[in-house]
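Biologist: Could you walk me through this one slowly, please? I am still learning how to read these pictures.

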Amino acid sequence: MAVIEHQAGSMGYKAHRISIDDPGRKFLRLDIEAQHGFVQLDDLQIERILLGTALHKNEQRIISGILDKLRRDQNIELQAESFRTLGTNYAAQLEVQRQYLEYANALHSGISLVLASSERNKMSNPMAYASFRSIVSDTKRVSSKIQQARLNSMIKPFGDLVTATLNVVSAGTYSAFAEPFKSFLATSFDRSSYQNAGLSRADRKFAEEHGLKIYQDAERFLTELERELQQVSQLDHELAAIQRAIDTYRRDLEKHLRDTLLHANIASSKENISRVLSKDDGVRQKLIAAAAGNISLKAGTYLNDGNNTELIRFVLKTSELLDAMQSYKDGFNQITSAMLTYYERFERSVAAEQNPFTEKADKEAWENHARKAREYLKQSKESFNKAYL
């Protein structure tokens, strides 16, 4: 590394070399300035310095700065005021942590409500559609008693046709159903099956004339339904991932809250955690005042005892806990961003052009559920924006 000089109009350059035996211990950043013209870099090599070196350098810089300030400023009253300010700022983080825990808890509850939203899931339930109900009805018509019982068992995970109750459908439920159901249909409408099922002549004739079309309709419908189920499964998977992120965030922030209390010489008991999260502002402020007083007192005690080493360690730890809250603010912003992305994908999935069905009755059923889902989504999104953005 060197300082380069260049005289205007000259073709030559002059380099004043800087001798550095261990650049990693002296430089984390090198500034380059061009006063005339521009800088060209050739054959440039960059090596990563050790993280420990960077952290050690930063820590030494902070400690040196604090010691210099202590040596320069011997005003006891000013130092005491400085420590009171440190304590006040530190304790104020308890209120910020409470707010973000409340945000996270409310968001968790809101997501549970989204997960419980039945309209979107109904759109991927075969029993919500006339085509499927008609196929089941026609199949039962040409089936024996034991075959009907088997069919009822196959469709039971989707709900109850008699009471019109629809269950939540998962991709696993569908995949375990689709192929066996098509095989069951093919068998039921096979001549060897319906001829020996004890059916009336009219039912046997119905099976012979309509069996192939019913099977083809079933295959088409299940293909259309599968596309819809894929949309729902992706949304459920994305929402579950956000929920896991919120669970992790809550656990980490609660641990940070306990660490914040312990550093201020306040036990991280359930009772004190409850006081931090209390709806009573007076209860919270009393604990915050105690934390601020403890931080100021401990720093002042180290200073009065002349124990600069412990004082610096204490101040650094206090600053570290203060600065750490920013990462939780950033983490919550990432979660809210993920939620906004989810809302956008949900909205696209229920747009009218996403209707996958061919039959008019099925298309209308899908649109009826989609209309309700859009309204629910609008309300949920408005509440979310009002609460968090």
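Modeller: Gladly, and we can begin with the crossing of helix 9 and helix 12, which is left-handed; please keep in mind that this is a predicted model.

Biologist: At what angle do helix 9 and helix 12 pack, and how far apart are their axes?

Modeller: Helix 12 covers residues 308–349, and helix 9 packs with it at an angle of about 165°, with the two axes 10 Å apart. Because angles over 145 degrees count as roughly antiparallel, helix 9 is roughly antiparallel to helix 12.

Biologist: Which classes of residue make up the contact of helix 9 with helix 12?

Modeller: That contact has 18 nonpolar residues, along with seven polar and five charged ones.

Biologist: Now leucine 212: where does it lie, and is it buried or exposed?

Modeller: Leucine 212 lies in helix 9, which runs over residues 201–263, and leucine 212 counts as exposed because its relative accessibility is 60%, where the cut-off for exposed is over 50%. Leucine 212 is also 7.7 Å from phenylalanine 189, C-alpha to C-alpha, although the two are 23 residues apart in sequence.

Note on methods:
Residues are numbered from 1 along each chain as its sequence is written. This is a predicted model: local features need pLDDT of at least 70, side-chain atom pairs count only at pLDDT 80 or more; totals for chains, interfaces and linings use all residues. Side-chain values use heavy atoms; hydrogens and water are left out. Helices (H or I, at least four residues) and strands (E, at least two) are DSSP runs, numbered from the N terminus. Buried means under 20% relative accessible area, exposed over 50%, partly exposed in between (1.4 Å probe, protein chains only). Axes are lines fitted to C-alpha atoms, for helices over the stretch in contact, and angles run from 0 to 180 degrees between N-to-C directions. Angles under 35 degrees count as roughly parallel, over 145 as roughly antiparallel, 65 to 115 as roughly perpendicular and the rest as oblique. A crossing is left-handed if the near helix is turned anticlockwise from the far one by less than a right angle, and right-handed if clockwise. Ala, Val, Leu, Ile, Met, Phe, Trp, Tyr, Cys and Pro count as nonpolar, Asp, Glu, Lys and Arg as charged, and the others, Gly among them, as polar.
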